[in-house]
Amino acid sequence: MTAVMTRANTAGAELVERPEAGWRKRDRWWGLVFVSPQLIGMIAFVLLPFAVGLVLAFAQWDGLTELTWVGFANFQAQLGDPVFLRSILNTLGLALVTVPVGLALSLLVAVGLDRLRGRTGYLLLYFAPVMTSSIAVSLVWQQILRADGPLNEAFTKVFGIPGPNWLGDPRFVLLAVSIVTIWSSLGLNVIIFLAGLQGINPNVLEAARVDGAGPLRTMLQVRLPLLSPVVFFSTVVAVISSFQTFDVVFILTKGGGPENSARTIVYQIYDEGFVHFQFGMASAASIILLVLTLVVTAVQLGLQRRFVHYES
């Protein structure tokens, strides 16, 4: 028995000490070669800027003079600034409008296209704004939303009264930004929802029809619960995207709109950093935006157990 255990231990030691095969080493090196562009890009354009921004959040620096440490003064100044607080409210309001309305419209369009033959052309039309530059989209909508633009002209012809000043009235500027945001992101959400609808097991839908469920009941009690993981994913992505809104506000409005009615947090970061060259203030606002995004995402993940249902 002792001899058998000794031979087993010797074989195990030889197995452990056996040199690594050459092809495994080559595979490892080739794997690093193929992954290195992504790793280098992540380090150079994500991790390093984040580290620099985290440092600058606790300092005062204009890009030219000597850096001065100020501790939490930047955070206190931002949280005590009425303009920044207004930008937080505008960002949250934009998310509350664009996320539910945009996802609801996308779901309705996806349901309409689900059984439509020859839907490829429609998908291309819906997805075209997603592929178009957001600057170009904003410039086009800027002309549409002018006080004397085609939208107000149609509004006057239909209702017989002048249309609102979409980009000059503080009451309508954020709504105008919401309209452009919903329109430009509709195509992506339509494709995601359409893929989710087509991934539902047909046997489940057939069983619902056999049980006497009509189209509306099937949609509300069968298809929508099975689509909840896709809805959850789209909601998280849409919320994060709405928190990062900048280009639409930058093009449609001047300085964040009248009375800062459309100023978002990212526009505040741009204004502090690249207009007033207060990089410490801009970095502090960026960290606050990061914390806000993490908190909202954590809440969504916490609610996932109640509202997300999987087919299994």
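**Exercise 1.** Classify Tyr270 as buried, partly exposed or exposed.

Solution. Buried means under 20% relative accessible area, exposed over 50%, and partly exposed in between (1.4 Å probe, protein chains only). The relative accessible area of Tyr270 is 24%, so Tyr270 is partly exposed. Phe250, at 36%, is likewise partly exposed.

The model is predicted: local features need pLDDT of at least 70 and side-chain atom pairs pLDDT 80 or more, whereas totals for chains, interfaces and linings use all residues. Residues are numbered from 1 along each chain as its sequence is written, and side-chain values use heavy atoms, without hydrogens and water.

**Exercise 2.** Determine how the rings of Phe250 and Tyr270 are arranged.

Solution. Rings of Phe, Tyr and Trp (its six-membered ring) pair if their centres lie within 6.5 Å; planes under 30 degrees apart are stacked, over 60 edge-to-face, and the rest tilted. For Phe250 and Tyr270 the centres are 5.4 Å apart and the planes stand at 85 degrees, so the pair is edge-to-face. The two residues, 20 apart, lie in helix α12 (residues 247-252) and helix α13 (residues 265-275), respectively. Helices (H or I, at least four residues) are DSSP runs numbered from the N terminus. Both rings belong to a cluster linked by ring pairs, whose members include Trp61 and Phe279.

**Exercise 3.** State which residues Ser138 contacts beyond four places in sequence.

Solution. Ser138 lies in helix α6 (residues 134-144) and is buried, at 0% relative accessibility. With contact meaning heavy atoms within 4.5 Å, its partners are Asp247, Val248, Ile251 and Leu252.
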